[in-house]
Amino acid sequence: MEVKLLNIIDKNIYMDDGSFLKKIECPKNISASDLNTHPDNNLFCNLCEKNIIDAQAISEDNLVKILKEDKSTCLKISLLNPMFRFVQ
């Protein structure tokens, strides 16, 4: 499987070919410590009552598929995750 790098530029996520995937924003301005972990290891935000996808726990292909289907999907992104390239 080819490893895809997702570029993060100005709080937007783009595929390596430049296609826009998602704007990174949280209307509640929560941090990772505000999330609850369910017994099945899924993350949940009590403030907005939405499930959160931990980008560390999903493949690049699955993440791209999910974001193409629903750009409002909430993510937890680590600066250390090798699937992301932070571009300034």
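Reader: Where is Met83 found?

Author: The model is predicted: local features need pLDDT of at least 70 and side-chain atom pairs 80 or more, whereas totals for chains, interfaces and linings use all residues. Residues are numbered from 1 along each chain as its sequence is written, and side-chain values rest on heavy atoms, without hydrogens or water. With strands (E, at least two residues) and helices (H or I, at least four) taken as DSSP runs numbered from the N terminus, Met83 lies in the loop between S7 and S8.

Reader: Is Met83 buried or exposed?

Author: Relative accessible area, with a 1.4 Å probe and protein chains only, decides this: under 20% is buried, over 50% exposed, and in between partly exposed. Met83 has 4% relative accessibility and therefore counts as buried.

Reader: Which residues is Met83 in contact with, leaving aside its neighbours within four places in sequence?

Author: Contact requires heavy atoms within 4.5 Å. By this criterion Met83 is in contact with Lys4, Leu5, Leu6, Ala55, Ile58, Ser59, Glu60 and Leu63.

Reader: How far apart in space are Met83 and Leu67?

Author: Leu67 is one of the buried residues of helix H1 (residues 60-69). Met83 and Leu67 are 16 residues apart in sequence, and their C-alpha to C-alpha distance in space is 14 Å.

Reader: Around the axis of H1, what arc do the buried residues cover?

Author: The buried residues of H1 are Glu60, Leu63, Val64 and Leu67. They lie on the same side of H1 because their arc, taken from the directions from the helix axis to the C-beta atoms, is only 100°.

Reader: Which strands do the buried residues of H1 pack against?

Author: The face of H1 turned away from its buried side carries Lys65 and Glu69, both exposed. The buried residues, in turn, pack against S1 (6-9), S3, S6, S7 and S8 (84-87).

Reader: How do the rings of Tyr14 and Phe20 pair, and at what angle are their planes?

Author: A search of the whole structure finds one aromatic pair. Rings of Phe, Tyr and Trp (its six-membered ring) pair if their centres lie within 6.5 Å, with planes under 30 degrees apart stacked, over 60 edge-to-face and the rest tilted. The centres of Tyr14 and Phe20 are 5.8 Å apart, so the pair is edge-to-face with planes at 70°.

Reader: What is the relative accessible area of Phe20?

Author: Tyr14, the partner of Phe20 in the aromatic pair, counts as partly exposed at 22% relative accessibility. Phe20 is partly exposed because its relative accessible area is 39%.
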